[in-house]
Amino acid sequence: MHLFYTPDLQHQVHILSEEESKHCTRVLRLSEGNNIFLTDGKGLFCEAVIKNANPKACMIEIIKRTKEYGKLEFSLSIAIAPTKNIERFEWFLEKVTEIGIDKVIPLICRYSERKEIKPDRLEKVIVSAMKQSQKAYLPELSPIQLFKDFICKPFSGDKFIAHCINGEKPLLGNLVKQGVNILILIGPEGDFSAEEVEIAISQGFIPVSLGNSRLRTETAGVVACHTVNLINHKG
């Protein structure tokens, strides 16, 4: 199945962007009469047929529309400090998009080693992962923001903070409830500061463990994402 991302799918006949047209005709070597699939990243999933395989403006006709394709009964948001090595953060974005996530919020924490990101590049990583995993919902990448500014924002659902500071913490998997919206905080390579953990707790976040191993930031984010999805997909 060849899936293409097209934010605007209002009309029956549609022209793919130049980038998607080139990928369709020159990379995949598809031509007139071939069927393809499209998504607007907002839940609409379409089957279409190629009418004109122009590498700069490929014309397609939609033959079937499915709304809310693969829609889940819960939402998952992860607020995470981008890694110093941006490729590791890109890997995180790719994997959580494949597994299933609604929103990623890059955070600047006390011990953050990276305080800037390039959203355009990261958006391309997310789009590519969405297409590869054949999903119809494009995760939202929020602007990077300070921990102290984000932590006070309202959220309707369960809130958790995963950290490595000593102390008894329940496993995330034991607290996740099916069908409940979830927000998880993941700290930088140097972890959250004790003060940040205290502030999070005062704002209603529950401290949790992701297991016995000390995980890298990007690995912790993927484990958290997988845990929430696994619980929600049980029988």
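Mentor: Just after helix H6, glycine 204 takes a positive phi of about 95 degrees. Helices here are DSSP runs of H or I with at least four residues, and strands are runs of E with at least two, both numbered from the N terminus. This is a predicted model, where local features need pLDDT of at least 70, side-chain atom pairs count only at pLDDT 80 or more, and totals for chains, interfaces and linings use all residues. Residues are numbered from 1 along each chain as its sequence is written, and side-chain values use heavy atoms, with hydrogens and water left out.

Now step back into the helix itself. H6 covers residues 194-202, and within it Glu196, Val197 and Ala200 are buried; buried means under 20% relative accessible area, exposed over 50%, and partly exposed in between, with a 1.4 Å probe and protein chains only. Looking down the axis of H6, the buried residues fall within an arc of 100 degrees, so they line one face of the helix. That arc is taken from the directions from the helix axis to the C-beta atoms. As background, an α-helix has 3.6 residues a turn, so residues three or four places apart point the same way.

Turn to the other side of H6, and you find Glu198 and Ser202 exposed. What, then, covers the buried residues of H6? The cover includes helix H4 (147-150), strand S10 (158-162) and strand S11 (182-186), where contact means heavy atoms within 4.5 Å.

One last thing to look for is disulfides, meaning pairs of cysteine sulfur atoms within 2.5 Å: a search of the whole structure finds 0.
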